[in-house]
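Reader: I am new to this structure. Please show it to me, and then I will ask about it.

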Amino acid sequence: MSGEAPGRRRDAARSRERLLTAASELFGERGFDRTTIRDIGRRAGVDPTLIARYFGSKTLLYIAALQAEAGEAAFADLYEDERLREVFDRADRRGPVPLLQVAVRPLDDPAAQEATRAALHTRLVEPLHERFVREGTDRPRLRAELVAAAMTGVLLGRHSGAFDELAAADPGDLIDLLRGTLLSEDQGRHPRCRAPD
């Protein structure tokens with residue numbers, strides 16, 4: 001007979017699930033950068049080298065953890081108050097995770113780059129694009145990417161050490177300021193008038 005024995009397959013599935021659960025917990029508690037592969041293996045009670053076998057890399061494990069958390073639920077856009085607060089809360093707890101980093105610099109691993117880019121678009125860009133299309137906003141894709149890029153910059157800037165007041169500000173205050181500027185409901189609602197050719 002060929003292939004893995006059923007018991008071994010069950011053990012592999014159990015080890016993979018334990019690594020995924022441990023990674024989700026640790027990324028939430030410590031952030032991505034402060035969580036090591038060794039930490040994840042220790043929390044899971046599994047050999048940390050199995051992360052490479054089952055997921056490919058720490059970054060791809062992070063993406064798998066994101067997908068497991070989200071399930072099949074659709075994401076609200078950043079104009080929804082609860083969603084905006086959730087994004088700030090997660091960024092403050094987890095730090096400059098790959099989902100944010102990929103917006104400003106490519107990741108070294110091409111597979112991780114593509115998976116993380118796809119997750120960024122699914123979670124931040126696409127919900128905005130759908131809203132702008134529904135509202136008949138001019139250039140909805142560009143506007144969605146512009147808002148997502150600006151929000152990513154704000155979230156990363158809070159952890160960069162370059163912006164003292166931004167880092168120290170209460171998330172609620174920042175959200176109020178963003179609502180008055182970048183996320184104003186009137187921004188881009190009406191197509192820009194163009195001069196006749």
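Reader: Is the crossing in which H5 passes H10 left-handed or right-handed?

Author: This is a predicted model. H5 meets H10 through Asp 81, Leu 84, Arg 85, Phe 88 and Asp 92. On the H10 side, the contact includes Pro 171, Leu 174 and Ile 175. H5 passes H10 in a crossing that is right-handed.

Reader: How many residues in the contact of H5 with H10 are charged?

Author: The contact holds six nonpolar residues and one polar residue. The charged ones number four.

Reader: At what angle do the axes of H5 and H8 cross?

Author: H5 spans residues 81–94, and H8 spans residues 140–160. Their axes come within 10 Å. They cross at roughly 35°.

Reader: How many residues in the contact of H5 with H8 are nonpolar?

Author: H5 brings Leu 84, Val 87, Phe 88, Ala 91 and Asp 92. H8 brings Met 151, Val 154, Leu 155, Arg 158 and His 159. One residue of this contact is polar and two are charged. The nonpolar ones number seven.

Reader: Which feature does UniProt place at residues 36–55?

Author: Over residues 36–55 the chain is 65% helix and 0% strand. The end C-alpha atoms are 15 Å apart. For these residues, an unreviewed UniProt entry gives the feature "DNA-binding region".

Definitions and conventions:
Residues numbered from 1 in each chain as written. Predicted model: local features only at pLDDT ≥ 70, side-chain atom pairs only at ≥ 80, totals over all residues. Heavy atoms only, no water. UniProt positions renumbered as here; feature names shortened; annotations may be inferred. Helix = DSSP H or I, 4+ residues; strand = E, 2+ residues; numbered from the N terminus. Axes fitted to C-alpha atoms, helices over the stretch in contact; angles between N-to-C directions. Contact = heavy atoms within 4.5 Å. Nonpolar A, V, L, I, M, F, W, Y, C, P; charged D, E, K, R; others polar. Left-handed = near helix turned anticlockwise from the far one by under 90°.
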